[in-house]
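Colleague: I have a model open and want to learn how to read its packing. Can you take me through it, feature by feature?

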Amino acid sequence: MTTVTTTSRRQGRGGRERILAAAAGLFAVQGINATGMEQIAERAPVSKRTLYAHFRTKDELVLAHLKDLASAGRTLEGALVREDVPARERVLALFDPPPTGTDPVRGCPFIDAAVEFPDPRNAVHSYARERKLLMVRLVTELVAELGCREPADLAEQLVTLADGAASRAMVLDDPNYGRHARAAAEILLDNALPATV
């Protein structure tokens, strides 16, 4: 059973950031739907009035949370845009274990959010879809840069592996589960490279 620590209410600036940090922690441990707005306000710590001044609805908060994760590079796509890492290693980074200390293993936050907001017209679900489409575009660019044949098809295969590995890692609570998908991804990449004479 998860225990949630509360702190005394803090006054002043930084309320929005504290709310997002509290939401991120609670969503990771409990899931989105199991986390109430009052619980987030207590964890932040902010008044409910302050919470609703920043986020009128829980949907708004969840959307801001996902955008915050994406802009900070704390998602699978974060590895794909690192220009200091070679293209092949960026693709294979999709299968790396999460940072140590992540407990429990949550998988992909966009998949998690789409599951908890199943209506495809919902803003949260739509944003999750946008991020997943961006992920495949980024992988397509990287495998094309590597000279792989049929980069769009290969990218779809690789992101399907990555999403599947993230989901299985979450279900099995195994942060190293991606190693299985990484082995398959390496074979896919090698087989897609032009034959050398």
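Predicted model: local features only at pLDDT ≥ 70, side-chain atom pairs only at ≥ 80, totals over all residues.

Colleague: Let me step back. How many helices and strands does the protein have?

Modeller: Ten helices and zero strands. Along the sequence the pattern reads α-α-α-α-α-α-α-α-α-α. The protein has 197 residues, and buried residues make up 40% of them.

Colleague: What share of the contacts joins residues at least 24 apart?

Modeller: Take contacts between residues at least 6 apart in sequence; 68% of these join residues at least 24 apart.

Colleague: Next, the core. What is the general idea?

Modeller: In soluble globular proteins, nonpolar side chains tend to be buried together. Here the largest nonpolar core has 30 residues. Within it, Ile19, Ile40, Leu51, Leu61 and Leu66 touch the most other members.

Colleague: Which elements give two or more residues to this core?

Modeller: Helices H1 (15-30), H2 (37-43), H4 (58-71), H7 (109-116) and H8 (123-145). H4 gives the most, with seven residues. There is also a second, separate core of 26 residues, which includes Leu80, Val105, Leu154 and Ala181.

Colleague: What does Ile19 touch?

Modeller: Leave out residues up to four places away in sequence. Ile19 then touches Ile40, Ala44, Val46, Thr50, Leu51, His54, Phe55 and Leu61.

Colleague: What is the angle between H1 and H4?

Modeller: About 90°, with the axes 10 Å apart. That makes H1 roughly perpendicular to H4. From H1 come Arg16, Ile19, Leu20, Ala23, Ala24 and Phe27. They meet Lys58, Leu61, Val62, Ala64, His65 and Asp68 in H4. The contact of H1 with H4 holds eight nonpolar, one polar and three charged residues.

Colleague: And how do H4 and H7 pack? What is their angle?

Modeller: About 165°, with the axes 11 Å apart. Angles over 145 degrees count as roughly antiparallel. H4 and H7 are therefore roughly antiparallel to each other. Their crossing is left-handed. Leu66, Leu69 and Ala70 in H4 meet Pro109, Phe110 and Ala113 in H7. By class, the contact of H4 with H7 has six nonpolar, no polar and no charged residues.

Colleague: Now a residue of the second core. Where is Val105 found?

Modeller: In the loop between helix H6 (87-92) and H7. Val105 is buried, with a relative accessible area of 7%. Beyond its neighbours within four places in sequence, Val105 is in contact with Ala169, Met170, Asp173, Asp174 and Pro175. Take Val105 and Pro175: they are 70 residues apart in sequence, and 6.0 Å apart in space, C-alpha to C-alpha.

Colleague: Last topic, the backbone. What should I expect?

Modeller: Most residues other than glycine have a negative phi, and most peptide bonds are trans. Look for the exceptions. The peptide bond from Ala44 to Pro45 is cis, with omega near -25°. Pro45 lies in the loop between H2 and helix H3 (48-54).

Colleague: Which residue other than glycine has a positive phi near 45°?

Modeller: Glu150. It sits in the loop between H8 and helix H9 (151-172). Glu150 is exposed, with a relative accessible area of 58%. Asp173 also has a positive phi, of about 50°, although it is not a glycine.

Colleague: Where is Asp173 found?

Modeller: In the loop between H9 and helix H10 (178-192). Asp173 is partly exposed, at 42% relative accessible area. It is also one of the residues in contact with Val105.

Note on methods
Residues numbered from 1 in each chain as written. Heavy atoms only, no water. Core = buried A, V, L, I, M, F, W, Y, C linked by side-chain atoms within 4.5 Å. Buried < 20%, exposed > 50% of the residue type's maximum accessible area, 1.4 Å probe, protein only. Helix = DSSP H or I, 4+ residues; strand = E, 2+ residues; numbered from the N terminus. Contact = heavy atoms within 4.5 Å. Axes fitted to C-alpha atoms, helices over the stretch in contact; angles between N-to-C directions. Parallel < 35°, antiparallel > 145°, perpendicular 65-115°, else oblique. Left-handed = near helix turned anticlockwise from the far one by under 90°. Nonpolar A, V, L, I, M, F, W, Y, C, P; charged D, E, K, R; others polar.
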